[in-house]
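Have a look at it alongside me, then read on.

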Amino acid sequence: MPFETPLALIALLSVIPLIILYLLRPKPLQVMVPSLMFLMKVQEEKKRFYTSITKLIKDPLFLIQLLVLILLALAAAAPFIETQEPLSGEHTVIIIDSSASMQTDNRFSEAISKAEGYVSKKNSIILAQSTPVTILESESSQATYDTLDTLKAKATVADLSSAISAGMRLLSDEGGNIVVVSDFTNWNGDDPVNAMNLAESYGLTVQFVLVGRETDNIGFIQGSIEAVDNSYTYTGVVKNYMNSRQVVDLEIKNLDNGKSNDVSLNIPAHSTKQFQLTNLGTGITEVAIADDDSLMADNTAYISIPRISDRQLLFVTDVDNLPSQVALSLIPNIKLNQIEGVPEDLSKYSMVVIANKERPLASNEIATLDNYLSGGGRAVFIASEALSSQNAKIELQEILPVIPASIEDSDYGVTLEVVQETRLSEDIKYEEVAMYRFLNVSSRIDSTTLVATDDNIPLLAYDSVGDGTVVYLGINDITGEDAWNNFYNKPEYPVFWFKLAGWLGGTGSVQDYNLKTGTISALAKEQDIQTPNGTQTVSRVLYDETGTYQVAGKEIAVNLYNDRESDTTIEEDVIERSQVQEGPEIVRSSSYTAKNYLDIYMIIIVFILVVLELLIIRKRGEL
């Protein structure tokens, strides 16, 4: 008989103290009668050993307690027997397409209505988005009905194949049914019919349910922003999916300064028209199609231009013309202020770089930085003598994402390795950096290391301080004969600072502020963000709605921009192909191996034995 946790069988050793206890317990007092003494002494030598054992075996309390200990030990080891059980049809996985096209007319509400007709005894619900989201797992019919009433369509492109694969994992043991409710107009990933065939080959029942009807639509399918002569130009594309020429009126409004104007586009049937907006103001600009249609998710283009106040950087250093300062000053449309000390007011800066090489920060400067970070600021500390454990104050070391030690030299140089892939590692050849001097540090428990030496010494790490983010850069940028490395001579050095500033939200490409639905980004820590539908507390953002998001101090515009998803025509090709497919080759039999655990039965027997023990003790008059 196999056991789930065989180490628990060690508990069987507990029977040894029980046996010893019964062997050593006090014997009843015997009174010797002189006339019989000789006869008793004759038999004593023969029965001395057997008497104790015989009494032990015949004592019902001992046998009950021994059996209780054995059963408890076996139950803790979780014994089970394996049986072949038929695949169950009681578990139904309902996959609902929640892509943008499902917002057309009443498609999503129709999908919910049809899904309710497939609810069974045990149910799971998966929303098919750019990444499948399991909303409910193995719940009752009532819980399923309640959950279905709360669902809403999103604005991404659904990956139906991945959703079916997620359903297969939920049914991998006992089997069951998969129901996919969709308009099947568009999808990411593999063909859903292929995923259906794979699921059926594992003995699962898969059914496709079509919803929706063909409707007309006009929407934005493309949008891009470029910096031209210190200003931004937006180029948008609108497509007419109707069978006749349409005059499309666009209403353009900047939500910051209130300026607005109108543009009219004459678009032939099933054609596109391009337009441009020049000299865009900062903040959010909305370009909306004046007339409503069947799909509203693509009727407004949102444009985000970072505000000037969000693009002021402070560079604190005791050395002039550092490569990092030069690299930051080359980023367009930002204002870089360089000073020697940390000012008392940092509220107007979105990012602070501390690049002191020799002068350690004073206590009042550290307190200012601490308050700035706690309030949501971002700071970068560049390794130097000033950050070593001998020079940096304890309160500064507590802010850093690493624990500094002393400056180390390497005659043969150290190798840099990317520990975690991020945008900061794209197109940056860290392995080609020649580093012969570095600050020996160790990472803190809650910090994240992105780049380190081959000896796991962090060279690029970050952590949270209050609502802010602090970054440690262990690649010193001093030049000349005292240089620690050659990174500042690499062509990708300015690119690194451009990426780092953009990653922290202080500046960077305007594309960082304008995303497509389905984009996923990771935050430095779990925090509150503002979505088009309200506030969420997340450490990973899935942009699944069109509109504006407030994330880590950045105002991000999110648009659908998908030609196929905006095409609201209904294609029955998927349904037809799913119905004409020949029966799949079964790769798994119609049964599965089930583990039937016996521990519950053993616990019941133990309970009965304990009751029996109490009855015996009471009958003896010992209770």
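**Overall count.** I began with secondary structure and found 14 helices and 29 strands in the protein chain. I am working from a predicted model, so I keep that in mind throughout. Of the 623 residues in the protein chain, 47% are buried. I then looked at contacts with a separation of 6 or more, and 71% of them join residues 24 or more positions apart. For the accessible surface I noted about 31,000 Å², with 51% of that belonging to carbon and sulfur atoms.

**Nonpolar patch.** Which residues make the nonpolar surface patch of about 970 Å²? I listed L72, I600, Y601, I603, I604, F607, I608, V611, L612 and L615. Helix α14, residues 599-619, gives the largest share of the patch, with nine residues. I picked out L615, which lies in helix α14. L615 has a relative accessible area of 51%, and because the cut-off for exposed is over 50%, L615 counts as exposed.

**Negative patch.** Next I turned to charge. E214, D216, E571, E572 and E576 form a negative surface patch. I followed E571 to the loop between α12 (563-566) and α13 (573-580). Is E571 exposed or partly exposed? With a relative accessible area of 48%, E571 is partly exposed.

**M242.** I found M242 in the loop between β8 (231-240) and β9 (246-254). M242 is buried, because its relative accessible area of 17% falls under the 20% cut-off. What does M242 contact once its neighbours within four places in sequence are left aside? I wrote down D216, N217, I218, A269 and H270. D216 in that list is also one of the residues of the negative patch. I also checked M242 against D567: these two are 325 residues apart along the chain, and their C-alpha atoms are separated by 9.8 Å.

**D463.** My last stop was D463, in strand β22 (residues 458-465). D463 is buried yet has no salt bridge. How far away is the nearest side chain of opposite charge? That side chain is R444, and I noted 5.9 Å for it. Not counting residues up to four places away in sequence, D463 touches P401, D446, S447, G468, T469 and V470.

Technical notes
Residues numbered from 1 in each chain as written. Predicted model: local features only at pLDDT ≥ 70, side-chain atom pairs only at ≥ 80, totals over all residues. Heavy atoms only, no water. Patch = residues over 30% accessible without salt bridge, like charges linked within 9 Å, V, L, I, M, F, W, Y side chains within 5 Å. Areas by Shrake-Rupley, 256 points an atom, 1.4 Å probe, with all protein chains shown as cover. Salt bridge = Lys/Arg side-chain N within 4 Å of Asp/Glu carboxyl O. Lys, Arg positive; Asp, Glu negative; His and termini not counted. Charge placed at Lys NZ, Arg CZ, Asp CG, Glu CD. Helix = DSSP H or I, 4+ residues; strand = E, 2+ residues; numbered from the N terminus. Buried < 20%, exposed > 50% of the residue type's maximum accessible area, 1.4 Å probe, protein only. Contact = heavy atoms within 4.5 Å.
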